[in-house]
Each structure stands twice: as C-alpha cells, then as structure tokens.
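Here's a quick briefing for anyone meeting this structure for the first time. Have a look at the model, then read on.

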Number of protein chains: 2
Amino acid sequence: MTWETAEPVGAKPTLRDVALAAGVHLATASRALSDAPSRPVAPRTVALVRQAAARLGYVPDQVARSLRTHRTPAIGVLIPDMSNPVMPPLVRGAEQRLAQYGYTTLFADTDNDPAAETKRLTMLLSWRVAGLILATARRDQPLAAELVNSGVPVVLMSRKLDATPVPSVTVDESVGIAQALGHVLELGHRRIAYLGVPQWTSAGHERLVAFRDNIASRGLTLPPEFVVTCAGYGEQDGAAALAGLLDRPDRPTAVLTGNDMMALGCYDAIRSAGLRCPEDVSVVGYNDMPLTDRVDPPLTTVRVPYFDVGRQAATLLVEKLAEANDIDRSVRLTPRLVVRGSTAAARAS
Amino acid sequence: MTWETAEPVGAKPTLRDVALAAGVHLATASRALSDAPSRPVAPRTVALVRQAAARLGYVPDQVARSLRTHRTPAIGVLIPDMSNPVMPPLVRGAEQRLAQYGYTTLFADTDNDPAAETKRLTMLLSWRVAGLILATARRDQPLAAELVNSGVPVVLMSRKLDATPVPSVTVDESVGIAQALGHVLELGHRRIAYLGVPQWTSAGHERLVAFRDNIASRGLTLPPEFVVTCAGYGEQDGAAALAGLLDRPDRPTAVLTGNDMMALGCYDAIRSAGLRCPEDVSVVGYNDMPLTDRVDPPLTTVRVPYFDVGRQAATLLVEKLAEANDIDRSVRLTPRLVVRGSTAAARAS
DNA sequence: TTGAAAGCGGTACCAG
DNA sequence: CTGGTACCGCTTTCAA
C-alpha cells in the first residue's frame with residue numbers, strides 16, 4: 001500500500017479516477033471492485049480495474065458507500081471509565097472481534113457521567129452506527145431500553161438491566177461468590193463479612209445478592225451489619241467499611257469484597273487495626289486485576305474473563321446484525337477463584 | 001432526547017421530514033439547524049424548525065453531512081496494545097479532549113502486529129478521518145511518515161520517529177532518567193545497571209541513551225554489560241537480564257529499568273539470588289503504573305503523565321485541523337521521580 | 001457483460 | 001430571508 005500519490009495533498013483518488021485509469025465506466029469499476037460474487041464482470045476487466053486501483057492507491061470512501069447503502073460497518077462502544085482496570089480487556093476483546101468482521105469501533109469514554117453518555121450516544125447515533133455495545137448500563141437505566149426500542153441493535157457488556165431483557169454478555173456472579181465463600185468456609189471461617197460495591201450495576205448487585213443467598217441456603221446467619229454496600233469503588237471505601245466492622249468484639253475473620261481495590265483497602269484497615277492479613281483476617285477480592293499477585297499479601301480473588309466477555313459481546317452483536325433477526329440470546333461466562341496468600345485457616349476461636 | 005418514534009423501526013427521520021413538519025423548505029431547515037452564525041434565518045423560523053426537529057427526534061446524518069462537506073469530525077486512534085497499562089490513560093485523555101471538540105474517536109488496537117496495523121489504518125482512512133493519533137509508531141517505521149506525506153494530519157502520541165519530524169507529544173525521558181540516576185547516586189550507589197526495554201520505540205531508546213549520557217557526563221564508568229537491552233517488556237525479561245548481572249562479583253547495587261514490569265521482574269531475580277530489595281539491590285522502575293505503590297516493596301519509579309500526553313496529543317491535532325496550516329509543533333512533558341521503598345542507601349562496600 | 005442514470009441525506013450557492 | 005437546485009462518491013436498477 002502506498003499513500004505517496006503525486007496528486008495535490010488531500011485529493012484522494014475516487015472511483016471515477018480508477019475507472020478513467022482503467023478505461024472503463026464508473027459503474028463497471030464499482031462492480032469490479034465489489035466482493036459480491038454475483039456480479040457479472042469479465043475477469044480481464046476485474047484485473048484491469050484492480051490494477052488501476054492499486055496503482056492509484058485507491059481506498060473506497062466508506063462515507064459515500066454508507067450513505068448509499070444505508071449500512072454502516074461501524075459499532076459504537078460506550079465505556080464508563082477506561083481507567084477502571086476491568087475495562088481494557090473488555091474493549092480489547094470487543095475491538096479485536098469487531099475488526100475481524102470488518103467493523104470499525106467508535107469508542108467513547110463517558111467518564112461515568114450520564115450527561116456525557118447522552119452526548120456521546122447522540123454522536124455515535126449521528127454516525128448511523130450499525131450497533132452499540134454498552135458497558136455503561138446501570139440496572140435501572142432506561143437509556144439502553146430506549147435504544148433497543150428505537151431499533152438500534154444493542155448488546156450489553158458485563159452488565160444487565162433489571163427490568164428489560166436486553167442481549168448481554170455477563171458473568172455468573174453467583175458462581176464466583178459461591179467459590180469465594182466456599183473457600184473461606186473450608187478454611188473454617190464463620191464470621192464472614194461482605195463489602196459490596198455500589199449497587200447500580202447488575203454485576204455488583206448480583207454479587208451481593210449471591211452472597212446473601214449463599215449464606216442463607218447454607219443455613220448460616222450473620223449480623224446484618226456484616227453485609228455492607230460501600231459508597232464507592234475505591235480503596236478508601238473498602239477500608240472505611242471494614243474499619244467499622246473490626247471494632248466489634250465479634251469482628252469478622254474473613255471478608256469478601258465486590259472488587260479488588262476494596263480488598264486492598266481492607267489490607268489498610270486491617271493494618272490500622274493492628275491486625276494482620278491473612279493471620280487475623282482473610283480477604284478475598286473480585287476481578288483479579290493486574291498485579292494482584294504482586295501485592296502484599298498476594299490477593300486471593302475471583303478471576304473474571306473480561307477479554308472473553310468483550311469478544312463474546314462483539315460476536316453476539318455481529319450475529320444479530322448478520323442474521324437480521326431478533327435473536328435475543330444472552331451469554332453468561334464463568335469466573336474462577338484464584339487462591340493466593342490473603343486467605344488462611346481461621347484460628348481456633 | 002427520545003428515540004421512541006412511532007415510525008417503523010430503523011426509519012430515522014430525515015431533514016426532509018423536519019422541513020415538512022415545520023412547513024418550510026428543506027434548505028431552510030438545514031440553515032435553521034446550522035450553528036453557523038452567518039446564516040440569515042428568521043428567529044421564528046429557527047424556533048419552528050428546531051421544535052419540529054426535537055419533536056421528531058431528528059439526529060442529523062453525519063455520514064451524509066461528511067460526504068457533502070468533505071469534512072469528517074472523526075479521528076482515528078491507533079493503539080499497540082490496550083493491556084499495556086500506560087495505554088488506558090493515554091486513550092482516555094485523547095478521547096476526552098476529542099469529544100470536547102466534537103470529534104468522534106475511531107479506536108483500533110493493533111495488537112502490536114504491523115500487518116494488523118496496516119489493515120486497521122486502511123479501515124480508518126476509508127472513513128476519511130480528519131486526522132490520526134498514533135501510539136504505535138516505531139522509531140524506524142516509515143508508515144507514519146508516509147501518512148504525513150499523503151496529507152492526513154498525524155500526531156504521534158508518546159512516541160517519535162528517528163528520521164522524520166512528525167508532530168508529537170512525548171515526555172522528556174532524559175529528565176526522568178536523570179532524576180532516577182541522581183536518586184541512586186545520592187544514596188551512594190556506584191555500580192548501577194540499566195535494563196532497557198526493546199529499542200524500537202523512541203521512548204525506550206531515549207531512556208537508554210539518556211542513561212549512557214548521564215553516566216558519561218558525570219564522569220562515571222560502568223562495565224559495558226551493565227547496560228542491557230531486554231528482548232521483551234515483561235517481568236521475565238527483566239528477571240533474566242538482572243539474573244545474569246547478579247552472578248558477578250562486582251554485581252550492581254542498584255538497577256534502573258525501562259518500565260515497571262521489568263522492575264518487578266528484578267524483584268524476582270533478586271529474591272532468587274538470595275538477596276533482598278532494597279537492602280542488597282535498589283530498584284527503580286519507569287511509568288508508575290497502577291498498584292506499584294502496593295507491591296512489596298513499594299516501587300520507586302518515574303511517574304509519566306500519560307493522561308496529559310493523551311490530552312495534549314488530541315489538542316495538538318485539533319489545533320492543526322482548525323488552523324489548517326502546517327504547525328509542526330511538538331510538545332514535551334516532564335516526568336517526575338516518585339521515591340518509595342525499593343531504593344535504599346548503598347551499604348558501605 | 002457494460003453503460004447510463006437515479007438517488008442516499010445533507011450543504012451551499014444562486015436567484016427571487 | 002427563503003426556495004430551488006446541483007452535487008459529494010458510491011451502489012444499484014434498468015437498458016443496451
């Protein structure tokens with residue numbers, strides 16, 4: 001490929017130029033360049049045109065093509081915040097699969113701001129994207145549902161809605177929680193706390209609910225204060241929440257958290273209380289973000305296959321687009337507990 | 001905003017619909033909706049049209065608009081690998097600024113594969129993007145230079161070319177290295193090793209060169225083996241490189257690395273050699289990626305303002321686009337050493 | 001198998 | 001200030 005045309009800067013060769021150079025009609029050139037096998041074009045003509053196109057460095061104008069065909073090979077991807085460590089693999093997985101199918105990814109980071117989200121969405125829609133992948137959906141957000149009603153194919157990535165069934169690729173949080181809980185129970189812990197992330201996302205909510213259900217179904221009981229919903233996603237939120245619990249005489253000997261950052265906050269709270277992890281308090285994180293194996297102590301956590309979630313989300317959308325029918329399938333992947341050094345057997349109490 | 005039109009799914013209202021609804025001519029509707037202040041339109045007409053547009057949920061078709069105006073408010077952003085921890089802030093910064101100026105970000109992750117890069121690039125070019133931000137440039141890569149010649153405005157993000165001066169936003173690596181080196185020298189270290197990342201990127205290269213220059217300009221000498229270029233960017237690469245050095249009787253007492261992952265690899269090598277960090281060997285990383293403050297020991301490293309680099313890259317490109325002239329300005333930001341626990345005073349030797 | 005021509009949804013120029 | 005109209009680059013139907 002070469003962009004070193006001798007023509008004036010910015011003057012990209014058009015199909016007309018190619019046709020002229022090949023000595024054929026515009027329409028013929030179009031057909032010759034088309035991949036559709038049903039086009040009746042003489043092989044010699046095809047060769048001629050293709051050659052001319054290559055020589056001129058012709059790149060078809062997707063804008064013109066889209067206008068004419070009403071089909072735009074572009075997918076909008078909405079991300080709440082790229083600095084959240086679970087997002088990069090999600091985006092990477094989605095973009096890779098989309099590109100593989102010839103789609104361009106229109107990327108937008110909403111910075112967790114609903115107003116920004118609306119603006120970005122309008123922008124994407126103005127491009128007449130073929131579909132949308134949303135990693136921004138909140139449980140109660142009507143936005144995604146509205147989009148679906150408007151006819152734009154939408155797939156939710158790593159999130160779901162409470163009320164409306166929108167195709168999604170998520171993770172079976174109950175499996176992750178069951179494994180995490182099973183692990184600390186096996187280690188002999190009985191006073192177990194759960195520090196949930198904020199509950200606007202389905203993932204965070206499902207984790208907390210799964211914890212409650214698991215506790216109940218195993219016939220265990222816990223002080224109600226042991227299940228807490230934090231105000232934010234950060235280390236401080238986890239630290240603050242756990243600090244309140246460590247003061248109690250019946251303090252928890254193990255704590256499960258809704259994400260890894262909060263788990264690291266627990267490390268701080270434990271240290272501040274003059275205790276140690278895992279000797280005094282075991283900690284289990286969630287997500288298995290990078291470097292959790294390097295912190296001190298290495299974090300036991302639930303590994304979530306985010307790259308696959310992204311890839312599957314793209315796959316699902318591409319399928320919907322291709323089959324043109326309303327397959328409202330959803331996909332659910334399975335997380336897996338990774339045991340490291342932040343959990344240990346409960347002391348004889 | 002609402003997408004709940006009563007019309008058949010997929011039938012987005014067009015400007016003609018708006019004009020009809022407002023009882024004005026198509027061209028008038030266009031003018032009324034235009035932001036250009038020079039348009040002579042009666043205020044009442046504007047109100048009428050805007051109202052009709054809102055009622056119908058009209059979103060202008062960017063594709064049609066672009067075709068007509070030859071101006072596409074879209075910028076392609078090429079990333080080598082989103083799972084590299086320096087990339088998310090870069091992308092986030094760029095996208096935020098671009099959106100602020102009304103540009104849509106066309107995102108592509110090339111997976112560090114030149115073939116994929118070419119394909120993705122063609123895809124972006126077919127969209128007639130107004131400009132390109134490349135975080136993929138290698139020092140010798142003619143690709144970026146070709147692009148510039150072809151007339152597409154290009155800005156390099158966090159990278160530069162050896163031969164061709166392309167506008168870029170980078171970091172003054174010599175400052176980072178000088179600070180890191182100054183720090184360990186002050187701590188009394190004299191046998192200092194440098195483990196460089198692969199040298200295809202300007203950043204990695206400049207760091208290594210800066211180290212050599214700094215050593216020389218301070219009148220120090222080092223065994224030539226103390227400056228090594230690793231084969232990859234990973235922990236293993238750093239570990240392997242340092243392991244070879246720790247065997248020597250004159251083993252280094254401090255090591256600077258080209259990135260944080262390699263620094264963590266050094267931790268492993270030091271441990272394997274039966275030594276300790278920082279007591280026996282001090283380690284300085286580069287980038288200050290997330291959680292480096294949480295590893296054991298907390299990593300002393302050079303903090304690079306990647307979010308700003310991304311934002312400035314977008315700013316630079318937007319300026320080029322607006323001023324329409326060939327400002328070939330480049331921007332250079334300054335990194336800053338963050339001292340943590342992986343460096344300590346050299347022992348009396 | 002190829003040429004001719006319509007038209008996608010806007011913008012911008014020109015006339016009124 | 002508003003209406004009429006050419007046209008951006010390409011695909012596609014219809015004739016030749």
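A:Glu173 is buried, with a relative accessible area of 4%, where the cut-off for buried is under 20%. Keep in mind that this is a predicted model. A:Glu173 sits in helix H8 (residues 173–186) of chain A. If you skip its neighbours within four places in sequence, A:Glu173 is in contact with A:Ala203, A:Glu206, A:Arg207 and A:Tyr286.

**Domains and the two copies**

- Chain A splits into domain 1 (15–60), domain 2 (68–171 + 306–335) and domain 3 (173–305).
- In general, two copies of a chain are related by a rotation about an axis and a shift along it.

**A buried strand in chain B**

- Strand E1 (residues 74–79) of chain B is largely enclosed by the rest of the structure, because six of its six residues are buried.
- Both faces of E1(B) are covered: one side has B:Ala74, B:Gly76 and B:Leu78, the other has B:Ile75, B:Val77 and B:Ile79, and all of them are buried.
- E1(B) pairs with strand E2 (residues 104–109) of chain B in the parallel sense, over six bridges. To get from E1(B) to E2(B), the chain passes through helix H5 (residues 87–100) of chain B, and this β-α-β crossover is right-handed.
- Across that pairing, B:Ile75 stands opposite B:Thr105 in E2(B).
- E1(B) also runs parallel to strand E3 (residues 131–134) of chain B, joined to it by four bridges. In this pairing B:Gly76 stands opposite B:Leu132 in E3(B).

**Salt bridges**

- Over all chains, the count comes to 42 salt bridges.
- One of them joins the side chains of A:Glu95 and B:Arg120, at 2.9 Å from N to O. This pair crosses between chains, going from A:Glu95 in helix H5 (residues 87–100) of chain A to B:Arg120 in helix H6 (residues 114–126) of chain B. Both A:Glu95 and B:Arg120 are buried.
- A:Asp288 and A:Arg340 form another salt bridge, with their closest N and O atoms 2.6 Å apart. A:Asp288 is in the loop between strand E9 (282–287) and strand E10 (300–303) of chain A, while A:Arg340 is in the segment after strand E12 (336–338) of chain A, so the pair ties together parts that are 52 residues apart in sequence. A:Asp288 is buried, with a relative accessible area of 15%.
- In chain B, B:Asp162 forms a salt bridge with B:Arg139, and the closest N and O atoms are 3.0 Å apart. This one links distant parts of the chain, 23 residues apart: B:Asp162 is in the loop between strand E4 (154–157) and strand E5 (168–171) of chain B, and B:Arg139 is in the loop between E3 and helix H7 (142–149) of chain B.
- Which partner is buried and which is partly exposed? B:Asp162 is partly exposed, with a relative accessible area of 49%, whereas B:Arg139 is buried at 19%.
- There's a network too: salt bridges that share partners join A:Asp81, A:Asp109, A:Asp111 and B:Arg92.

- As a rule, most residues other than glycine have a negative phi, and most peptide bonds are trans.
- The peptide bond from A:Cys277 to A:Pro278 is cis, with omega near 5 degrees. A:Pro278 belongs to the loop between H11 and E9 of chain A.
- Another cis peptide bond goes from A:Asp296 to A:Pro297, with omega near -5 degrees. A:Pro297 is in the loop between E9 and E10 of chain A.
- A:Arg128 isn't a glycine, yet its phi is positive, near 55 degrees. A:Arg128 lies in the loop between helix H6 (114–126) and strand E3 (131–134) of chain A, and it counts as buried at 17% relative accessibility.
- B:Leu291 also has a positive phi, about 75 degrees, although it is not a glycine. B:Leu291 is in the loop between strand E9 (282–287) and strand E10 (300–303) of chain B, and it is buried, with a relative accessible area of 8%.

Notes
Residues are numbered from 1 along each chain as its sequence is written. Chains are lettered from A and ligands numbered from 1 in the order in which they are written. This is a predicted model: local features need pLDDT of at least 70, side-chain atom pairs count only at pLDDT 80 or more; totals for chains, interfaces and linings use all residues. Side-chain values use heavy atoms; hydrogens and water are left out. Domain bounds come from an automatic or database domain assignment. Buried means under 20% relative accessible area, exposed over 50%, partly exposed in between (1.4 Å probe, protein chains only). Helices (H or I, at least four residues) and strands (E, at least two) are DSSP runs, numbered from the N terminus. Two strands pair if DSSP finds at least two bridges between them. A crossover is right-handed if, with the strands pointing away from the viewer, the path from the first strand over the helix to the second runs clockwise. Contact means heavy atoms within 4.5 Å. A salt bridge is a side-chain nitrogen of Lys or Arg within 4 Å of a carboxyl oxygen of Asp or Glu.
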